[in-house]
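Here is a briefing on a two-chain model. Look over the sequence and structure first, then read on by topic.

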Amino acid sequence: MNRLSFAIALLTIALTGGVGRFDAVAKEKPAAVAVYGDTVHTMAGPPIENGVVVIVDGRIREVAKAGEATIPAGATVLRGKVVTPGLVDAHTAVGLTGYLNQEQDQDQIDHGEPIQPELRAIDSYNPRERLIEWLRGFGITTIHTGHAPGALVSGQTMVVKTVGDTVEEAVIRPAAMIAVTLGDDARPDGGDSKTKSPGTRSKAVAMLRGEFVKTVDYLRKQQGADDEKKPDRDLRREAFAEALAGRLPLLVTVNRATDIDAALRIAAEFKIPIVLDSAAEAYLLTDRIKQAKVPVIVHPSMRRAGMGETENIGFETVATLRKAGIPVALQSGYEPYIPKTRVVLFEAGIAAANGLAFEEALASITIDAARIIGVDDRVGSLQPGRDGDVAIFDGDPFEYTTHCTAVVVDGRVVSQSPR
Amino acid sequence: MLDNEPLTSRYQGRDFRLTRRLWPRREGNPAMKTPCAEPLPAAFAAAMLPGMMIPARLLCLACVATSFAFAAVSATGPALAQDRPVAFMGAEVLPVSGPPIPAGVVVVANGKISAVGPAATTPIPADAERIDAAGKVIMPGLVDTHSHVGGGWGGDASGPMQPDVRILDSINVRDSGFRKCRAGGLTTLNIMPGSGHLLSGQTVYAKLRRAETIDDFFYHAADGRILTGMKMANGTNPQKEPPFPGSRSKSAAIVRQKFLKAQDHRRKIEAAKGDAAKMPDRDLEMEGLLDVLDGRVIVHHHAHRADDIMTVLRLREEFGFKVVLHHVSEAWKVAGELAKARVPCSVLVVDSPGGKIETMDMSLVTGAVLEREGVPCALHTDDPVTDSRLFLRSAALAVRAGMSREKAIEAVTLAGARMLDLHDRIGSLEPGKDADLIILSGDPLAVRTKVLQTWVEGRKVFDRDDPDDRLFAVGGFGSSRDQKAHACCTDVRLSETSR
């Protein structure tokens, strides 16, 4: 191979993920796919040595020892050292935030108002965003994405697969959570905002409580007998009503212990389900978090330390929380600069190197993540009936030098070049 | 082992380490010396008579003795010379300058490496302290060619080229970022001002000794000069309202005009032929640029896009300065030209492309392409863009994308040392070089490997078994105390995150 073709080959691997290019993803589902692995981590039981995952019509039909499964005739066959469920990124803003970081590809936040739960993620999502393809090449097949932290209530989130030409093709939960931020990041941006509030922590909590008090009133009036007195439809009230009904949890991005505590207080007052996000100092409040039965989607371990409210982040937080019995998942988070996204596979590697056992770390980006974002009936584990989402590696997935060699989503092979 | 361990006292529940300075400082530039790290206690100053001369080291001792409140409070100890040989026994030694030694020995004495070789054949001095490192890996301390740790700021908003400005005048050596660097195995940094100027000032090459003041970090040339670089940048970062440039062509024109002025200044100096009366007035800006034009100082040039890289090559051709290209997101597009020009590149390795338009084609493959084309290649952290504690991860990700293990390890050690022109002192484990080394729990490129100890000039500056050090290795409450974020690229979005 001459120099140029070598360079091009490498670039093909690193830049495009081979056939993982968006326009190259075949629309029609293959009849069947059989994925053989020296080790298959099902996340629904112990790992299977020398196992196979059989996918028919986009769903998993069988997971078994290689010799014991029925392989349909004509099945596409893939092989690898390590086979895992398609990976799940429990929180990102990719698809709303784009890789160019220019005004036209940044829809993850609207700074016009501090409280906008009515903003739907599906109305901003760009399924052709290059960062989605980038993540998919590392085996990430499901992402919980949407409005980013940075306003008191920035909007809704959703769950999508990392494929599809339209959001309708990609989405599996169009409304997953309402993104709330407490602490310093909840303050409106300097000159950009029409409002000065919330300017303090107490004000942010007061404003949020005020919204729920109003929503309780709204619901009471709506349920009154007299149609004349019923309030007009209000998208903001409707979104908060979903939270009060327990259908749309609050995803509360907090870092300082003070703010974690405030989030738990609001959840208890209005009996709203919440998920703590980022939670840099969660290790200071493990008892309270556990008692409140609140899961935590922990910040990227590589988030820039030494900056503001995340100054006390640690590599061992995931392990500490998990040991305390708190449900945990990992995330790539929202990045405002270079790199424009992190890769949740790498985050799990750092967690695995800092106190988590292999399967615990894998769970934090598969089944446990799927459970926290409410899609564990479809993704996060390899068992019959689940979506045909599989990631294949040529070694320990957490090693920096291992490659993700193939990715299958809904029974379609979407990448077959090592990344 | 060392008789200069800091005294430890508890005060209001915190450990205060009271440092004693009982030995003279290392030789350095006298102009840079400060008498004491902390202000003189008022009571002590009042007791002094006008004109009273007190040796600096006694003064510092007096500071400590006066009270806790006025003591030199430091989480580290003073920078002192090694006082007894140390022999690291039985580790797999990666000298970088040669093949790995499976069961090797490294002997260090007087701050220098005195021997490296197989355990069976390498003599150990009788008085050496022996450290059992069997099962571990020993390699040179890591060299980061591009860091922003220490809260330093270079040029201000007054103009696009500020060669008079030195980053060394603004660095806080107590910044916990330096402790994280040591925890990551870094022993030498090129600390840079930002890329928001065409020329944002002089960088400083910092040796991460235990430090009370910036003097303790310096490398010196034989003539006592502090070793520095010059930071330049092109592309979008320096573009803003006048007097800053508004386009790439304007950027190049401003740089060329300034260097022409420096050449004029040099002609005037030469014309004076040593006659003081005929010499032009001293001009700090011109002096900074002449250091570059005369090859005493290397330009460290930020450039992302391929055309910006080519612009740097053009300027180098015109003015003949030594240059290292940094970040080089699109170097893979012009690798052949870089090879022909033999211009070294220091590459930033990050998790994804994008973040700004210039980095849209950034790729993990850059290191592999440069290696293949024969372009000298180092890696850097650009901390805070990547975490110094995970510098070895950058090397591993480069290997993931096709770089060889040997070249990737060289890229975080010896290759970086060459780009700072410090390769005769650091970057490999060879007799005569500075005793800067790290002890790892295993393969340097494996995710679960830990940096166990970091040594600088034969002194241990990080020990993962010490709970105080461990905090900075793994993070947690208090791990970023005194750490200041540096808005490396004057990018509004980055500064937002530090709000």
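B:V105 stands opposite B:G117 in strand 5 of chain B. The model is predicted: local features need pLDDT of at least 70, side-chain atom pairs count only at pLDDT 80 or more, and totals for chains, interfaces and linings use all residues. Residues are numbered from 1 along each chain as its sequence is written, while chains are lettered from A and ligands numbered from 1 in the order in which they are written.

**The hairpin in chain B**
- Strand 4 and strand 5 of chain B form a hairpin with 2 residues between them.
- In the turn, B:N110 has a positive phi of about 50°.
- Strands count as paired if DSSP finds at least two bridges between them.
- Helices (H or I, at least four residues) and strands (E, at least two) are DSSP runs, numbered from the N terminus.

**Chain B overall**
- Chain B holds 13 helices and 18 strands.
- Of its 499 residues, 54% count as buried. Buried means that 20 or more other C-beta atoms, placed from the backbone, lie within 10 Å of the residue's own; exposed means 12 or fewer, and partly exposed lies in between.
- Among contacts in chain B between residues at least 6 apart in sequence, 70% join residues at least 24 apart. A contact requires C-beta atoms, placed from the backbone, within 7 Å.

**Helix 4 of chain B**
- Helix 4 (residues 248–272) of chain B has 25 residues and should span 36 Å at 1.5 Å a residue; its end C-alpha atoms are 37 Å apart, which agrees. The expected span is 1.5 Å times one less than the number of residues.
- B:S251, B:V255, B:F259 and B:A262 are buried in this helix.
- An α-helix has 3.6 residues a turn, so residues three or four places apart point the same way.
- The buried residues of helix 4 pack against helix 5 (284–293) and helix 6 (306–319) of chain B.
- Just after helix 4 of chain B, B:K273 takes a positive phi of about 50°.

**The open sheet in chain A**
- In chain A, 7 strands form an open sheet with mixed pairing, in the order 3-2-1-4-14-15-16.
- Strand 3 (59–65) and strand 16 (412–415) of chain A stand at the edges with a single partner strand each, so one side of each is left without a neighbour in the sheet.
- The twist averages 35° from one strand to the next. Axes are lines fitted to C-alpha atoms, and angles run from 0 to 180 degrees between N-to-C directions.
- Strand 2 (residues 48–56) and strand 3 of chain A run antiparallel, joined by 6 bridges.
- A:G51 has A:K65 in strand 3 of chain A as its bridge partner.

**Domains of chain A**
- Chain A is divided into domain 1 (3–84 + 383–415) and domain 2 (87–372). These bounds come from an automatic or database domain assignment.
- The domain centres, taken over C-alpha atoms, are separated by 30 Å.
- Their contact takes 18 residues from domain 1 and 22 residues from domain 2 of chain A.

**Where the chains meet**
- 45 residues of chain A are in contact with 50 residues of chain B.
- Helix 1 (3–16), helix 2 (130–136) and helix 9 (344–353) of chain A each give two or more residues to the chain A side.
- Helix 1 of chain A supplies the largest share of that side, 7 residues.

Terms used: Two residues are in contact if their C-beta atoms, placed from the backbone, lie within 7 Å.
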